[in-house]
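Hi,

Here is the structure I promised to pass on. Could you have a look at it, and then read my notes below?

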Amino acid sequence: MTTLDRFTGRLRDLSPRAVDFVVVAVVAWFTGLDAASNDPDYRQADWLTWLLLAVSLLALVWRRRWPVAVTVVTGAACAGWALYGHIGELLNLPVIVALYTVAVQGDRRRTLWTGLIASLTSGAVALWVGNDVVNPQGLAVLEMLWPLVPLLLGEVVRTRRQLQAEYADRAARAEEDREREAARRVHEERVRIARDLHDVVAHTVTAMTVQAGVALDAFDVRPEVARHAMRQVREAGKEAVRELRATVTVLREPAGDPVDPVPGIERLAELVDRFAGGTLEITLRQEGRSGGVRPVVGLVAYRIVQEALTNVVKHSGARHAVVSVVEDGDRLTVEVVDDGPSTTTSASGGFGLVGMRERAAAAGGRIDCGPLAGGGFRVRAELPARGGDGGNDGGSDRDGARGARG
């Protein structure tokens, strides 16, 4: 670090009032030296010279608070020196500092008006004293130009500060936007993880409970059925462990992908087998080729069927349910219909129905669910099989939807 850098660093650490006193001291030093050494052919420094200097220096102390008034005082003192016959190169230094302060703390309009008045005044004073000054040709024009120099410098500094403040404000807003976006993504990730945990735990436990009930009822009279049900319980448990492991892997390594492939419509038969049994009979109907469905859409379809069957088992009291999956061109339609009693409520659904709507909307599709006129309940989802042109409407509840189904 150079000596100049250390000096400027110390100046930045000073308070504004201390800086003002330093400026006054520097101006007093150079202006005082110029006032004390005048040309022998002109008036020498006397009490009026030093009085005008003292007034100028005292006014500079308040240049930050009243820059225009300080400019008037220092300008009058400078004109007084010239009219009094005291000639010097640095006698206008106080008014130069005042003009700079006017520009750096003001605005463009004030700078223009100050420059116009200062330039005309300086030119008029030069014309007034021109006959007593050696080589007066062109002096008035030059004297009209020098007040514009500190004003121009002040404008440049003020504009630069404004640009720096604007850049800093933009950077701060950009940082706030990044923080809000990060918070939004964290929130969305938490919601997704919570939804996945709900699917894994609630739905799998429901399926295991169904199969355990079947095994318990058939344990003595139909051991083969009981063994098959217990195998379903075991498979459901293994599947739950795999999905939980994948979820925990994402939590530990947010940038990593799950180690196991996500479930899709090709695994709906396994899902139906887990829920079937006891008094509930489930029929699966699939039409079209499922190989062309995007993985994200297949996962959404899988989760919607999983949630719908869970609601059928837990809330409907149905004896039959039909799961239909139809792929027609770029449209995948998933429907779950049961024949449970049509118990209605004014509620619009629980978190399960909300989760299904969110999943369908995220995939660019829509979902519609509600009771049927002849009894039963239907969940119908339309999803874009391959493209992303589906509507983003998450569907709406029909009046009388069974809120207990969520």
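Before the surface, the patch rule: a patch is made of residues with over 30% relative accessible area and no salt bridge, where like charges are joined within 9 Å and nonpolar side chains (Val, Leu, Ile, Met, Phe, Trp, Tyr) within 5 Å. A salt bridge, here and below, is a side-chain nitrogen of Lys or Arg within 4 Å of a carboxyl oxygen of Asp or Glu. Accessible areas come from the Shrake-Rupley method with a 1.4 Å probe, and for residues only the protein chains shown count as cover.

Two words on the source. This is a predicted model, so local features need pLDDT of at least 70 and side-chain atom pairs count only at pLDDT 80 or more, while totals for chains, interfaces and linings use all residues. Residues are numbered from 1 along each chain as its sequence is written, and side-chain values use heavy atoms, with hydrogens and water left out.

**Nonpolar patch**

Val22, Val26, Trp29, Phe30, Leu33 and Leu90 make up a nonpolar patch on the surface, and together they have about 550 Å² of accessible area. Leu90 sits in the loop between helix 4 (67-84) and helix 5 (93-105); helices (H or I, at least four residues) and strands (E, at least two) are DSSP runs, numbered from the N terminus. Leu90 counts as partly exposed because its relative accessibility is 34%.

Val27 belongs to helix 2 (residues 16-36). Its relative accessible area is 4%, so Val27 is buried.

**Aromatics**

How many aromatic pairs does a search of the whole structure find? It finds one. That pair is Trp62 with Trp66, and it is tilted, at 6.0 Å centre to centre and 40° between the planes. The rule: rings of Phe, Tyr and Trp (its six-membered ring) pair if their centres lie within 6.5 Å, and planes under 30 degrees apart count as stacked, over 60 as edge-to-face and the rest as tilted. Trp62 is partly exposed at 35% relative accessibility, and Trp66 is partly exposed at 47%.

Trp66 also has a charge over its face: Arg65 lies there, 5.5 Å from the ring centre. For that, NZ of Lys or CZ of Arg has to be within 6 Å of the ring centre and within 35 degrees of the ring normal.

**Salt bridges**

Side chains of opposite charge can pair when their charged atoms come close. By the rule above, the count comes to 11 salt bridges. One of them joins the side chains of Glu155 and Arg108 (2.6 Å, N to O). This pair links distant parts of the chain, 47 residues apart, with Glu155 in helix 8 (residues 148-218) and Arg108 in helix 6 (residues 108-129). Is Glu155 buried or exposed? Glu155 counts as buried, at 9% relative accessibility, whereas Arg108 is partly exposed at 48%.

Helix 8 also holds Asp177 and Arg180, three residues apart, about one turn of the helix. They form a salt bridge whose closest N and O atoms are 2.1 Å apart. Asp177 is partly exposed, with 40% relative accessibility.

Glu181 and Arg184 meet in another salt bridge (2.3 Å, N to O). These two are separated by about one helical turn because they are three residues apart in helix 8. Glu181 is partly exposed at 28%, and Arg184 is partly exposed at 38%.

There is a network as well: salt bridges link Glu335, Arg378, Arg380 and Glu382. The C-alpha atom of Arg378 is 8.1 Å from that of Asp368, which is 10 residues away along the chain. Asp368 lies in strand 4 (residues 366-371) and counts as buried, at 18% relative accessibility.

**Cysteines and a loop residue**

With a disulfide taken as a pair of cysteine sulfur atoms within 2.5 Å, the count comes to zero disulfides. Cys78 is buried, with a relative accessible area of 16%, and Cys369 is buried at 2%.

Finally, Phe219 is in the loop between helix 8 and helix 9 (223-252). At 59% relative accessibility, Phe219 counts as exposed.

Cheers

Key
Buried means under 20% relative accessible area, exposed over 50%, partly exposed in between (1.4 Å probe, protein chains only).
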